Amino acid sequence: RLILAARSIDQLEKIVAPRCFQLGAKEVKCLRFDASKQSDCRNLIDQTFEWYQGVDILLLNHTASVYRPFFDEDSPTNLQ
């Protein structure tokens, strides 16, 4: 069972999710998600626990920005 999350949900629903089913996924849910928004991060966590009651494996493929260094001191963070 998978949750696929991205800003471009249409590509997930039309291309990625069907391929996941072809490869053996039993269930695939797609969620619009922007990792730069703390509210989207919270929603992803909440939806995951609502749908599946937990997480076994989490894979992230996200960059903070292509325009500045990832560990820029002036970059906002949600780590508290």
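Select Thr48. In this predicted model, Thr48 has a relative accessibility of 11%, so it counts as buried, the cut-off being under 20%. Thr48 belongs to helix α2, which spans residues 38–52.

Show the side chain of Thr48.

Now display the surroundings of Thr48. Set aside its neighbours within four places in sequence, and the contacts are Ile3, Gln53, Gly54 and Val55.

Next, select strand β1, residues 2–6, together with strand β2, residues 28–32. How do the two strands run, and how many bridges join them? They run parallel, and five bridges join them. Pick Ala5 and look across: Leu31 in β2 stands opposite. Then trace the chain from β1 to β2. The path passes through helix α1, residues 9–22. This β-α-β crossover is right-handed.

Move on to the cysteines. How many disulfides does a search of the whole structure find? The search finds zero. Select Cys20: it is in no disulfide, and the nearest cysteine sulfur, that of Cys30, is 8.0 Å away. A disulfide here requires sulfur atoms within 2.5 Å, so the 8.0 Å separation rules out this pair.

Notes: Residues are numbered from 1 along each chain as its sequence is written. This is a predicted model: local features need pLDDT of at least 70, side-chain atom pairs count only at pLDDT 80 or more; totals for chains, interfaces and linings use all residues. Side-chain values use heavy atoms; hydrogens and water are left out. Helices (H or I, at least four residues) and strands (E, at least two) are DSSP runs, numbered from the N terminus. Buried means under 20% relative accessible area, exposed over 50%, partly exposed in between (1.4 Å probe, protein chains only). Contact means heavy atoms within 4.5 Å. Two strands pair if DSSP finds at least two bridges between them. A crossover is right-handed if, with the strands pointing away from the viewer, the path from the first strand over the helix to the second runs clockwise.
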